[in-house]
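Here's a quick briefing on one model, sorted by topic. Have the sequence and the 3D view open as you read.

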Amino acid sequence: MCLRRLLQSARLQRAWRAVFVKHVQGRHQGAWRWTHSGGGTYRAVIFDMGGVLIPSPGRVAAEWEVQNHIPSGTILKALISGGENGPWMKFMRAEITTEEFLQKFGRLCSEISKTSVPVDSFFSLLTSERVAKQFPVMTEAITQIRAKGLQTAVLSNNFYLPNGKSFLPLDWKQFDVVVESCLEGVCKPDARMYKLCLERLGRQPSESIFLDDLGPNLKAAASLGIHTIKVHDPETAVKELETLLGFPLRMAVPNTHPVRKTMEIPKDSLEKYLQDLLGTQATGPLELLQFDHGQSNPTYYIRLAKHQLVLRKKPPGTLLPSAHAVEREFRIMKALANAGVPVPKVLDLCEDSRVIGTPFYLMEYCPGLIYKDPSLPGLEPSQRQAIYTAMNRVLCKIHSVDLKAAGLEDYGKHGDYIARQVQTWIKQYRASETSTIPPMERLIEWLPLHLPRQQQTTVVHGDFRLDNLLFHPETAEVLAVLDWELSTLGDPLADVASSCLAHYLPSSFPIQPGLRDSDLTELGIPTAEEYFRMYCLHTGIRPTENWNFYMAFSFFRIAAILQGVYKRSLTGRASSATAEQTGKLTEFMSNLAWDFAVKEGFRVFKEMPATKPLTRELYQRLKQFMEWHVYPAKPELQHHQASAEKWTPSPLVEDLKEKAKAEGLWNLFLPVETDPEKKYGAGLTNVEHAHLCEVMGTSLYAPEIFNCSAPDTGNMELLVRYGTEEQKARWLIPLLEGKALSCFAMTEPQVASSDATNTESSIREEDGFYVINGHKWWVSGILDPRCQLCVFMGKTDPHAPRHQQQSMLLVPMDTPGINIIRPLTVYGLEDAPGGHGEVLFEQVCVPKENMVLGPGRGFEIAQGRLGPGRIHHCMRLIGYSKRALALMKARAKSRMAFGKPLVEQGTVLADIAQSRVEIEQARLLVLKAAHVMDVAGNKAAALGIAMIKMVAPSMAYRVTDRAIQAFGAAGLSSDYPLAQFFTRARALRFADGPDEVHRAAVAKMELKRCS
Ligand SMILES: Cc1cc2nc3c(=O)[nH]c(=O)nc-3n(C[C@H](O)[C@H](O)[C@H](O)COP(=O)(O)OP(=O)(O)OC[C@H]3O[C@@H](n4cnc5c(N)ncnc54)[C@H](O)[C@@H]3O)c2cc1C
C-alpha cells in the first residue's frame, strides 16, 4: 500500500482502511484453489470424534504397539472383540467403570497377544494432550462451516475418564450439539444416536452430512437418509465435504478476495507468460485472487501448479509519469535481497504492456504471520519483546545497506529528505483542506522552522510498521518486509518514528488499535523511547535529541492523509456519519502531532538553546558518554574511594579522562568571553556550559573526568584571564591537559573567612622573592599527588585600602615550607584523593614573577574568578537534585508501606511536587544568571549570581533530604548517591561563601535598585 498514491486514488477511504485495518491477526496458509462459492441444501455437519476430529484409537494403538513391542493389531482386535457386548462397547455405554474396563481389556489383550499388555499405558497415551488434539484442517473447516451459518455437531462413541468427566478434548464452542454414547447409554451404529443428534440440531436427515471413519456407523447414518463421508484421512475428507457443501473449507489466502470485475487481467496470456517463465511443467489451471491491500498498485495472488506467486502491476489508465513505479519496487526488492534484507524474492519484471495491459512484476508468495494488533494478544511477554526486537533489527538492517554496493546510490535524492517530505505533505493537505484546523496551521508554520539536520542518507522504507512485516509462524524471525512503494533514499529516523506511531494511539482507535493505554512493561513491549534507544545502540548512531520532531512530523503526515480521506468521503458515497468520523480523526492526529511539537519546544527550552547545532551535538555526546562510561563506572570508583589506595588517583578515572579527551568532551568550561579565540576551551557561552554542568551534575565523578571540576576550573580561568604568557606556559597548559591539578588557599581557621578581607596570611617581598607565612584550611584538592599548583591568597599590604591589601600568588606545591597538617572530613567523608587540607605555609619562598596581575589585586581577581564557577556549581546542584528526585519517584512507586505504595501517601506526593517546583525555580534562576553574564557581563550579573548561590545549594539540600527520607535508612547508605549529594549540597552552603553573605549581598543590591 502506498500512502502517496492513496491521495490520488478514488478509493481512498477503502484503501486507507485496507492499510491500517489488516483484519485480525492471521496465518497465511497455503493458497486455496477454490474458484466458486455456494450454499447448497445442507444445514448441518455432524462429526465423529476419534478418527475424524482427533486421531483414531486404532491409529494410536498401532504406534503404541510398536513402541511397546506388543504384537501388532492386538488392541484393534480387542476393541472389536465381543461386538456389542465386548468390554470396549460396554465402556462406551458407561456400563462398566474405567477400572473395570482396563482390567477386562487388559486380560483380553493378553489372551490375544499371549503376553502381558500394559493397557494403562495405552489408555494414558490415548487420552493424553499430546495425542488427543484436534486436526487443524478440521478446525479450519468447522470455522468456515459455521461462518456460512451452518450447524455443527459431534456424534461420538465416547467414554468417561477416571475423573468422572467424559473424554472430550475439543473446544465445545465449535459445536451446536454434542452427543456422547457414555452419556446416552447408546452407541453408534444404533439409529437412536443419530436421531437424537438430528433432533437436537432440529434438522432433517437430508439436511445433514455425517463424517465417520467406520463403515457400520456410516451405513446406519445413510440408511436414515443422512449424507455420509468416509474419513480415511482428514485432508481428503475435507475436500469431499467442500464439494458437497459448495464453498471452501480451507482458509483462503489471507487478505484476498476474488478478483474484482474492473481489475480482471487476461488469464490466458498471463498463463502463457508464466509457463515461459517457470517452464512447461507449470500447467494450469491458473488460480487468481486479488489482495485487499495494494489499491494503488493492484496486487494478485497466483497459483499455478506448485507455484504460488504474487503479481503487482500498475493500475490501468493514464498515469502521472513518476506514479505507480512498480519498476522501482522491483529494483529495490531485488537489491535488498542481495544485501541480505528479508524481502519477498522477486522473479521477473515485465515491462511489456501487451501481456496483461500494464507493466508488472512477480515475486514468490511468502507465507507467514502478519501481526495486525500491536499489543500482540495471545503472546507471552518474552515473545512480544522478541517480535519488537526483530522488527527493530530488521529496520537497522535496511538502514545499514551499503548504497554503493547495492547499486542504489541513485535511488533517491541525497539529503533534505524531511524538508522535502514536509513540503509535499503541506501541499497535499492544502489540496484537500475543508476547514481551518488550528493545530494543522501551527504545524505548517512550526515544522519547516525545526527541520532536523539529516545525520545520514540510507534506504528508507517510507511506511515501516509492524503490520508490514511477515513473521515466521513459530519464531520471532522477520521473513519479509512488504510494501516498498514509498521507499526512497532519506533520513532513516523517519522510519524509526513511523514504526512507533502505534505507541501513541489509544487501543480503541478506529483505524488501528494502539498501545497508548497499555501497560507496556507488563506486556513485554518496549516503549517508544526504549525502541528508539535499541535502534541507536544497534546502529551505533547517537540518539538524536529532536526525536519529538520526527514524531510530530509522522503524525502530521498521517493527519494530512486523513484529511484527503475526509474530503473524498464528503464527495463520495460514504454516509455522513462516516465522513464526520473521518474528519474528527484528522483533528485527533493533528493534535497528537502538535503535542509532540510542544514537547520538542519544552525539550529545547529545558535542555539547550535552539542555536548552535554544534553545542547541541556536544550536549548529546556528553549525555551518551555519561550513560555509556560514567554511570557504569560508579561502583568501581566508589570502591576505590573506600580502599587503602584512596589517596592515589583511580586508574579508571585516568582512563575515562583519556576517553573523554578523545571524544572532544574536554575543557568545556572556559567561557567564550574569557577565551574568545577558543585557544584553550570549547568556546561555549555560560548558558551553554550550564546545560552541560546539569548533565555532569548527575554523577559526582563526572566533572573531573571532563576536566571541569573545581577548583581547577576557577584556577584555569584565572590563568587565562590574568596570567602572563610564562605563567600560562608553566601552569595553564598542564592543567588544561589534565596532567596536573591545582588548589586554592584562602580560608583561614583563625578568622571569619566569609569576609575575604579578613585574610591574615602574609606575603612579604624579600630579596626579589615573595615569602609566605600563614595558616590555611579547607584547601580542596591539596592532598592529591597530582596537585602541582596552589593559588594562594594573602596580604601584601595591611595598610592599603581594605580591598587592595590582598594579592594572589602561584605557589608550586613542591616549594619547601608547605606542610599539610591533616585532611579535614565533611560529615566523616574525606573526599579522597583530593581531600580538604589544613595547611601551614612557613617561610614559603616564591619568585616574584609568580604574582598574578600585581600586588593588591587579589580581591579583584577573587571576584572575577567566581562568576562562571558559581554557575557550574549551581547547575551541577540542579543535576544532583533532578537525579535525587528521579530516584525518589522510582522508589516511591515500588515501595509498599501500610498496604499501599509510598507514592500514594499524601506526604510523599507533597514532597515530590515541592521538589519539582523548587528544582524548576532554581534552574530558571541559574539559567537567567548565566544568560545575563553572556549578554551583559559578569558585573551586570552580580545580583543574579548572588541569588543563585543563595538559592541553589539550599534547594538541592532540601530535595536530596526529602529523597533520603523517602528511601528510608537506605538513603543514608552509599548504595545510592543521595547521601553524597546531600553532603555536597550542604557543603556548598559554605564553599564559595555562606548563604548569609549572598543573602546580604542580594539585599544590598536590591536596596540600591530604584524599582
Ligand atoms: C567542602 C568545602 C570545601 C571548601 N574548599 C575551599 C577551598 O578550596 N579553598 C578555600 O579557601 N576555602 C574552601 N572552603 C571554605 C569556605 O570557602 C568557607 O568555609 C566559607 O568561605 C566560610 O568561611 P568560614 O568557614 O570561615 O565561616 P565564617 O566566616 O566563620 O562564618 C561562619 C558563619 O557566620 C555567619 N555569617 C558570616 N557572615 C555573615 C553575614 N554577613 N551575615 C550573617 N551571617 C554571617 C554564617 O552563618 C556563617 O556560616 C571550603 C569549605 C567547604 C565546606
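Let's start with N667, which sits in the loop between α24 (651-662) and α25 (686-696); helices here (H or I, at least four residues) and strands (E, at least two) are DSSP runs, numbered from the N terminus. N667 has a positive phi of about 50 degrees although it is not a glycine. N667 is also buried, with a relative accessible area of 4%; buried means under 20% relative accessible area, exposed over 50%, and partly exposed in between, with a 1.4 Å probe and protein chains only.

Some ground rules: this is a predicted model, where local features need pLDDT of at least 70 and side-chain atom pairs count only at pLDDT 80 or more, while totals for chains, interfaces and linings use all residues. Residues are numbered from 1 along each chain as its sequence is written, and side-chain values use heavy atoms, with hydrogens and water left out.

**Confidence**

- The protein chain has a mean pLDDT of 88, and 92% of its residues reach 70 or more; pLDDT is the predictor's confidence in each residue, from 0 to 100.
- Over residues 1-39, though, the pLDDT is below 50. Beyond near neighbours in sequence, that stretch has 135 contacts in the model, a contact being heavy atoms within 4.5 Å.

**Around the ligand**

- Which residues come nearest to the ligand? Of the 17 around it, they are F744, T747, S754, W778 and S780; a residue is near a molecule or strand if one of its heavy atoms lies within 4 Å of it.
- M746 takes part through its backbone, with an N or O atom 2.9 Å from an oxygen atom of the ligand.
- Taken alone, the ligand exposes 970 Å², and the protein buries 68% of that. Accessible areas come from the Shrake-Rupley method with a 1.4 Å probe, and for residues only the protein chains shown count as cover.
- β20 (769-780) and α33 (995-1008) each supply at least two residues of the shell.
- How does the shell around the ligand split by class? It has 9 nonpolar, 6 polar and 2 charged residues, where Ala, Val, Leu, Ile, Met, Phe, Trp, Tyr, Cys and Pro count as nonpolar, Asp, Glu, Lys and Arg as charged, and the others, Gly among them, as polar.

- Like N667, D416 is not a glycine, and D416 has a positive phi of about 55 degrees.
- D416 is in the loop between α15 (381-399) and α16 (417-432). Is D416 buried or exposed? At 56% relative accessibility, D416 counts as exposed.
- The peptide bond from K188 to P189 is cis, with omega near 10 degrees. P189 belongs to the loop between α9 (181-184) and α10 (191-201).
- Another cis peptide bond runs from A710 to P711, with omega near 5 degrees. You'll find P711 in the loop between α26 (702-705) and α27 (712-722).

**Buried spots worth a click**

- R465 is in the loop between β14 (458-460) and β15 (469-471), and R465 counts as buried because its relative accessible area is 5%.
- What does the side chain of R465 make a polar contact with? Its partner is the side chain of D463, at 2.8 Å. A polar contact is a pair of N or O atoms within 3.5 Å; within protein, one must be able to donate a hydrogen and the other to accept it, and residues adjacent in sequence count only if both atoms are side-chain atoms.
- L523 is in helix α19 (residues 520-523) and is buried, at 18% relative accessible area.
- Not counting residues up to four places away in sequence, L523 touches S375, P381, R384 and S518.
- G564, in helix α21 (residues 547-571), is buried with a relative accessible area of 4%.

**Pairs across the sequence**

- G564 and Q428 are 136 residues apart in sequence, and their C-alpha atoms are 7.8 Å apart in space.
- L523 and E830 are 307 residues apart in sequence and 47 Å apart in space, C-alpha to C-alpha.
- D171, in the loop between β3 (151-156) and β4 (177-180), is partly exposed, with a relative accessible area of 36%.
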